[in-house]
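Subject: A structure for you to look at

Hi there,

Here is the structure I promised to pass on to you. Have a look at it first, and then read on for what turned up in it.

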Amino acid sequence: MTRPIPELDTEDLREMAIRGGIEGAADMDREELVESLLARPGEGAWQEDPKPAAVNPNDYRYHAPDER
């Protein structure tokens, strides 16, 4: 079983943040690393994009090549 993020060593946190692509992770202190790695509602690259899609996939129908 893995340990929770706040219980990890500072170097493990830093390595995880660098691998995750967090900018400036190499210069962050422990508190900043923990804060940047914990998920908070409405923050982070993993959240859903609130902007509408440029193309609605329902506007197009698939046609087999022989039906064209």
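Let's begin with a salt bridge: Arg14 pairs with Glu11, and their closest N and O atoms are 3.0 Å apart. Before you go further, please keep in mind that this is a predicted model. Where do the two partners sit relative to each other? Arg14 and Glu11 are 3 residues apart in helix α1, which means that about one helical turn separates them.

Are these two partners buried or exposed? Arg14 has a relative accessible area of 15%, so it is buried, as that is under 20%. Glu11 has a relative accessible area of 53%, so it is exposed, as that is over 50%.

Now try a second pair in your viewer. Glu15 forms a salt bridge with Arg19, with 3.9 Å between the closest N and O atoms. A salt bridge here needs a distance within 4 Å, so this pair counts. Both Glu15 and Arg19 belong to helix α1, where they lie 4 residues apart, about one turn of the helix. As for accessibility, Glu15 is partly exposed at 46%, while Arg19 is exposed at 65%.

Next, zoom out to the helices. The protein chain has 2 helices and 0 strands. Helix α1 covers residues 10-19 and helix α2 covers residues 30-37. The two pack at an angle of about 45°, and their axes are 10 Å apart. That angle is why α1 is described as oblique to α2. The crossing of α1 and α2 is left-handed.

Which residues bring the helices together? From α1 come Thr10, Leu13, Arg14, Met16 and Ala17, and they meet Arg30, Leu33, Val34 and Leu37 from α2. Sorted by class, this contact has 6 nonpolar, 1 polar and 2 charged residues.

Finally, here are two values for the chain as a whole. It has 68 residues, and 15% of them count as buried. If you take the contacts between residues at least 6 apart in sequence, 14% of those join residues at least 24 apart.

Enjoy exploring, and write back with any questions!

Best wishes

Definitions and conventions: Residues numbered from 1 in each chain as written. Predicted model: local features only at pLDDT ≥ 70, side-chain atom pairs only at ≥ 80, totals over all residues. Heavy atoms only, no water. Axes fitted to C-alpha atoms, helices over the stretch in contact; angles between N-to-C directions. Parallel < 35°, antiparallel > 145°, perpendicular 65-115°, else oblique. Left-handed = near helix turned anticlockwise from the far one by under 90°. Contact = heavy atoms within 4.5 Å. Nonpolar A, V, L, I, M, F, W, Y, C, P; charged D, E, K, R; others polar. Salt bridge = Lys/Arg side-chain N within 4 Å of Asp/Glu carboxyl O. Buried < 20%, exposed > 50% of the residue type's maximum accessible area, 1.4 Å probe, protein only.
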